Amino acid sequence: MITVQQLTKSYARSTAVDHISFEVGKGQIVGFLGPNGAGKTTTMRMLTCFLPPTSGRAAVAGFDVLEKPLEVKRRIGYLPETPPLYPEMRTIEYLTFVGKIKGLRGPELAKRTDFVLDRCAIADMKDKVLGKLSKGYRQRVGLAQAIIHNPDVLILDEPTAGLDPKQINETRDLIKSLAGDHTIILSTHILPEVEQTCQQVVIINKGKLAATDSVNNLRNRARGAGSVLVEVASRNGTIESEIVQKRLEQVPGVSRVLFKETCGNHAIFEVAGRSDRAIRGDLARAVVEAGWDLNELRTAAVSLEEIFLQLTNTDDANAESVQASGDAVQTATGKAKE
Amino acid sequence: MRNMWIICRKELRSYFVSPIAYLLLGMFAIVFGFFFWNAVGYFVYAGMEAQMRGGMFPMNVNEQVIRPLVSNVGVIGLFLIPMITMRLFAEEKRSGTIELLATAPIRDLEVILGKWLAAMALYAGMLLLTALNFAWLFRYGNPDWKPLAVAYLGLLLQAGALLAIGTFLSTLTRNQIIAGAATFGVCLLLWVLEWVSDYESATWSRAMAYLSILTHFESFAKGLLSIKDVVFYVTAIVLGLFLTARSMESLRWRS
């Protein structure tokens, strides 16, 4: 549905988007992920024909954004970062106006207006002046104007930014319910949002494409060849972590053992093996046969946050600092939600 | 072109929902009312004086009341036109709604023409108020209506040119005050350019006088429909709207 090839946008002094290529299939929800200033909005603006690309190609439903902008615009519903509302208009007047400039007429216009009022749960606000609506309602009216002409493609720029947790959930559910009929691209810097709503992720950083994959694949990829966390405890007081590490390294299929931490009589290791499943049994047996206790054996869970940081960190930070900053992001997003 | 009317109606609505339209119409009605009262008062005084002297002072409502008044309408317009056009694009740029217009399946030209027509309609509404005043002249006097009609046409053309320039200047900034001030400056300059012809008759001064909005209104004020002045105003309108279109396009390349 959307094809982007080597898309570039450069200004006199900087390059906002640098040779990005990706594809989005029909009915998919794609998360457009990147830190602030990564070029998400610029890319979206090029897809919506608001900005012309410097070089490269972008096509929506087979129509090129430069050659057939009107055809592209007919098929796109766009919600910019700040909903484009006229503060002096009433909700119903605004939706009618937007419907008209998007080519709806007569009974069809009335039908679609009623539909989006209902779909975005803003029917109560029908006669309210837009300037007096709360942030959540503005966002919903913005979403309503984006879907009013039943476009094939929806482009949503940070649709949940600045909403309270309840509104964020409602908006996410609304977006999810729109998938299927519509192909959706949504940008965000909140990772759980992508994990919850999207099937595919496009990660960009400093204008460059960092990764594009399905959410599941990305998670698996970061797990690598299957890391397993092993917590080993000794029965007689202290534990010699080096001995344990050596023993674990001898287990067939294990490629690398990373010592993580020790605490009293137990130690935690991250074990990477060639195949996730096969080494677990051997690991467990090896630990027990050596006379230690196996306290825990689990797959090292990697959140999208860590993947994201790994991909967007330009300097090769070690795993620990990635972990730490991952936690920082977690708390930051947690706070944002409060 | 249906989209043009949709945009035009939307703009007119926002003029009349906010106090802008009422403020402009009200101010215009009061100022013009004062001018009218003055002009008629002076005409009556001059008429009585002529009668008392017993002289044959030629009295003509068209020449002595209508002609100076329509010129004055132009002067009031000079002050009000920036207030009409300053918000047209600057406001959309500030609030981000320009993104809605630019990503809707409509052409830039439809947006520009729609906005300019709405500004024209508001100005025409102001002229309609002057018609109320002039109606009194027809009630108590016997002026010729044809020169007045030509003068109205001239006023509309003149305003059209200034409104097109104002529309263009409004696309250059997000700040309405800047757009308004720039429009006022340019309009004022175009107005007074003609002064140089008072003391200079070189080619450059004639060229400058030609560019003056005022030079081309004189024939209209007299009630003469001169094609070359119509062409001047129409050219100015087309140029202003063309620049607006260019500016809107460059907006996309720059922003």
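Predicted model: local features only at pLDDT ≥ 70, side-chain atom pairs only at ≥ 80, totals over all residues.

**Entry: the interface**

I looked up the contacts between the chains first, and found 17 residues of chain B in contact with 21 residues of chain A. On the chain B side, the elements that give two or more residues are helix 1 (2-17), helix 5 (98-103) and helix 11 (227-254) of chain B. Helix 1 of chain B gives the most to this side, with five residues. By residue class, I noted that the side of chain B that touches chain A divides into eight nonpolar, six polar and three charged residues.

**Entry: chain B as a whole**

I then listed the secondary structure of chain B, which has 11 helices and zero strands. Its extent along the principal axes is a box of roughly 70 × 45 × 30 Å, filled by the C-alpha atoms. I checked the radius of gyration against the globule rule: a compact globule of 255 residues would have a value near 18 Å, and the 20 Å of chain B agrees with that. Of those 255 residues, 38% count as buried. Among the contacts in chain B between residues at least 6 apart in sequence, I found that 80% join residues at least 24 apart.

**Entry: one helix pair in chain B**

How do helix 7 and helix 8 of chain B pack, and at what angle? I read an angle of about 140 degrees between helix 7 (residues 145-170) and helix 8 (residues 176-192) of chain B, with their axes 9 Å apart, and the crossing is right-handed. From helix 7 of chain B the contact takes Leu162(B), Ile165(B), Gly166(B), Leu169(B) and Ser170(B), while helix 8 of chain B supplies Ala179(B), Ala182(B), Thr183(B), Val186(B) and Cys187(B). Sorted by class, the residues of this contact are seven nonpolar, three polar and no charged.

Of the contacts in chain A with a separation of 6 or more, 66% are accounted for by residues 24 or more positions apart.

One open sheet of chain A has six strands in the order 6-7-8-3-9-10, with mixed pairing. Strand 6 (76-79) and strand 10 (208-214) of chain A each have a single partner strand and stand at the edges, so one side of each is left without a neighbour in the sheet. On average, and ignoring direction, neighbouring strands of this sheet are turned by 15 degrees against each other. Within the sheet, strand 9 (residues 200-205) of chain A runs antiparallel to strand 10 of chain A, joined to it by six bridges, and I noted Leu209(A) as the bridge partner of Ile204(A). Helix 1 (residues 40-47) of chain A packs on this sheet, touching strand 3 (29-33), strand 7 (153-157), strand 8 (183-188) and strand 9 of chain A, and its direction makes about 150 degrees with that of strand 7 of chain A.

**Entry: the four-stranded sheet of chain A**

A further open sheet of chain A has four strands in the order 12-13-11-14, with antiparallel pairing. Here strand 12 (254-263) and strand 14 (293-299) of chain A are at the edges, and each has a single partner strand, so one side of each lacks a neighbour in the sheet. The twist from one strand to the next averages 20 degrees. Strand 11 (residues 227-233) and strand 13 (residues 266-273) of chain A pair over seven bridges in the antiparallel sense, and Val230(A) stands opposite Phe269(A) in strand 13 of chain A. Helix 9 (residues 241-249) of chain A lies across strand 11, strand 12 and strand 13 of chain A, running at about 160 degrees to strand 12 of chain A.

Most residues other than glycine have a negative phi. Is Glu158(A) buried or exposed? With 22 other C-beta atoms within 10 Å, Glu158(A) is buried, because the cut-off for that class is 20 or more.

Lys206(A) also has a positive phi, of about 50 degrees, and lies in the loop between strand 9 and strand 10 of chain A. Its 17 C-beta neighbours inside 10 Å make Lys206(A) partly exposed.

Note on methods. Residues numbered from 1 in each chain as written. Chains lettered and ligands numbered in written order. Contact = placed C-beta atoms within 7 Å. Nonpolar A, V, L, I, M, F, W, Y, C, P; charged D, E, K, R; others polar. Pairing = 2+ DSSP bridges. Axes fitted to C-alpha atoms, helices over the stretch in contact; angles between N-to-C directions. Left-handed = near helix turned anticlockwise from the far one by under 90°. Rg over C-alpha atoms; globule rule 2.2 N^0.38 Å. Buried ≥ 20, exposed ≤ 12 C-beta atoms within 10 Å, placed from the backbone.
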